[in-house]
Each structure stands twice: as structure tokens, then as C-alpha cells.
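Here's a quick briefing on the structure below.

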Amino acid sequence: MSVALLGQLYDYHHWANRRLFEISAGLGEAVTSRPMGAPWSFPTLKGMFAHLYGADALWLARWKGGSPARLHDDEDFPTMADLRARWDLLESEQRAFVGGLAEADLASQFSYTNAQGTEFRLPLGPIVQHVVNHGTHHRSEVAAMLTLINGSPPDTGIASYRLTVVRG
Amino acid sequence: MELELIRGIWGYHWWSNRTLFGEVAALGADGAKKDMGKHWSFPTLKGMLAHIYGADRIWLERWKGGTPTKLHGDADFQGLPDLRTAWDALESEQRAFVGSLGTAELARTLDYKSTEGKPFAQPLWQLLQHVVNHATHHRSEIAAMLTMAKGSPPSTDMVLFYRQPKP
């Protein structure tokens, strides 16, 4: 069951990311590049999405045995369209990786070195959950930023996802 | 492994709630009740914490077979101290419930009704994920509001929780 539990969590993650990305992209490049103030982790909508992409890409590389030295961010993507193209590819890779995990893989440990050179060894299953939780943190900021720009976006809770998209 | 995954995210949930509650409490009663703007799900830090408590409570009642019709919120608490007292009791109940679950219980289909009386049926594990994810959404708002009030609070990223030595 744990394989299904993580697979469906990622279906949710991809759905919620796309839902907010499409609303943001619909506002146009000028709006998604506009600084929204100080309390946010990243000042623009594009920067927030670029960070979501960057963190997802970093962890996927670590799960595959890599130790990337750099976290991709806003500067790597001139436009939301550039980001979308890269993100589509990453999402496919991420889906293939999570879908390919077996029960024994989830309990296994993986090692990586962060950008500061510190080595970590962590259990794979729990950290696969971390990436979705990290995404929800920043999706909440995106939702609040969208509320400031043009009103509250549709809900991206897991319950809404199950009841309106999966229906079960 | 599914039990370990679910217990892991719940351990994270209690830790991150307490971390941010402590940060809000350190602002004092006035800071926690200050209106922080209309773009938040709830305008005050106390209201946001009360909503996380309310959602956690309504779901625990449903998991135990109840059909609660009231979602607790800001108006149910005078201040952070009485919210803390109620929340400590709720957390103990949650710890007992989550700790008692076996694999078969996680897969069990739960029949429940929304506060409007609409019926739903979902496996328990999905709802256990939902409540933690729901709170992360609001914890993010709390972190941004705290950043406005006094500067960025400590990170409650899940990886930090998993990096801690196991008790």
C-alpha cells in the first residue's frame, strides 16, 4: 500500500502545481515577474514556481544518486513558458521514478552531499513525502499572492483533489 | 512501510505546529490578534492556529465514527493559552489514534458526512495525508505573517524533521 500512497500523493502534487501554474501564467509575464513584497520566500510568482521546480529537480537527482551543487531558480527561466517546458520533462521523470519504486526501496537509505559539502543519509520513503510537503508550503504562498492580484484561486487541498478529480 | 510513512508525517505535523505556535505565542496576545490583511485565509495568527486546531479536531471525530457539525475556530478561544490547553488534549488523542493504527485500518474505507450533511467515503490513509497537507498550507501563511510581524521564523521544512536524531 505504501507504493500507492506515494504514487497518489504525487498525482496530487502534479495536479496542484499545474492548477496554480495555469492561473498564474494566464496573468501574463509582466504580472508573474512583478515583485510582490518582502514576506514571501521569493518575491515573484515566477520565482516561486522556479523554486518549486528547482527543489523537485534537486531531490530527484539526489534520489538517483547525484549530489547537484546548484539549486535552479528564477534566473534559469526567462519566462513562465521556458519554465513550463522544463517542468513538463521533470514531471515525467519524477512520475517514472516514484512509479518505479518498490516497497523495499522506500525503506532504503540514500546519501547525498549538499551544496555546502555536508553529507546526509536519509530514508527514501519519508523524503519522497518531504518534496510534496515543501510544494504545499510554497503553493500556499502562491495562493495568497494570487489573492492579492485578482482574488482567491480555487482550492488545492488533497480532499478537493480526491473528491473532484479522482472521485474516490 | 505505509505505517512508518503515515507516522512520519504525523510526527512532523505535531512538531511543526508546536514550533510555530511557540513563535506566535512569543509575539504576545496583541500580536496574535492583530489583523494582518484580507489576503490570508484568516486575518489573525490566533485565527489561523484556531482553524488548524478546528480542522484537526473535526477529522479526528470523523475517524472515530462521529458526525461533527461544528468546525471550531477563532471565536471559540479567548486567547492562545486556552487554545493551547484544548490543543494539548487534542494532540494526545491524535497520538493515541495514530499510534493504534495498523495497516488494515489505514486501508479501511471511512464513511463520513460533511458539516452540511453530504456523505463521502474515502480510505483512511488519504484523510490522514490530507490533514497534514491542509495544515502545511496554513503553516505557510503563519510563517509569512510572522515574517511581516518580526522576521522569518525557523524553517518547518519536513526534511529538517527527518534529519533530527530519532528519540
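Let's start with a strand pairing: in β2(A), Pro123(A) is the bridge partner of Gln109(A). Helices (H or I, at least four residues) and strands (E, at least two) are DSSP runs, numbered from the N terminus. Keep in mind that this is a predicted model, where local features need pLDDT of at least 70, side-chain atom pairs count only at pLDDT 80 or more, and totals for chains, interfaces and linings use all residues. As for labels, residues are numbered from 1 along each chain as its sequence is written, while chains are lettered from A and ligands numbered from 1 in the order in which they are written.

**The hairpin in chain A**
- β1(A), residues 109-113, runs antiparallel to β2(A), and five bridges join the two; strands count as paired if DSSP finds at least two bridges between them.
- Five residues sit between the strands of this hairpin, and Gly117(A) takes a positive phi near 90 degrees there.

**Helix α3 of chain A**
- α3(A) covers residues 45-63, so 19 residues, and reaches 27 Å from first C-alpha to last, close to the expected 27 Å (1.5 Å times one less than the number of residues).
- Most of α3(A) is covered, with 15 of its 19 residues buried; buried means 20 or more other C-beta atoms within 10 Å of a residue's own, exposed means 12 or fewer, and partly exposed is in between, with C-beta atoms placed from the backbone.
- Just after α3(A) comes Gly65(A), with a positive phi of about 100 degrees.

**Where the chains meet**
- 30 residues of chain A are in contact with 30 residues of chain B, a contact being two residues whose C-beta atoms, placed from the backbone, lie within 7 Å.
- On the chain A side, the elements giving two or more residues are α1 (2-25), α5 (103-107), β2 (119-123), α6 (124-150) and α7 (158-166).
- α6(A) supplies the largest share of that side, 14 residues.
- By type, the chain A side splits into 16 nonpolar, 11 polar and three charged residues; Ala, Val, Leu, Ile, Met, Phe, Trp, Tyr, Cys and Pro count as nonpolar, Asp, Glu, Lys and Arg as charged, and the others, Gly among them, as polar.

**Chain B overall**
- Chain B has seven helices and two strands, in the order α-α-α-α-α-β-β-α-α along the sequence.
- The C-alpha trace of chain B spans about 45 × 40 × 25 Å along its principal axes.
- Buried residues account for 36% of the 167 in chain B.

**α6 of chain B and what follows**
- The end C-alpha atoms of α6(B) are 39 Å apart, in agreement with the 39 Å its 27 residues should span at 1.5 Å a residue.
- Of those 27 residues, 21 are buried, leaving α6(B) mostly covered.
- Gly151(B) follows α6(B) and has a positive phi near 105 degrees.
- Ser152(B) lies in the loop between α6 (124-150) and α7 (158-163) of chain B.
- Ser152(B) is partly exposed because 14 other C-beta atoms lie within 10 Å.
- Ser152(B) and Pro123(B) are 29 residues apart in sequence and 37 Å apart in space, C-alpha to C-alpha.
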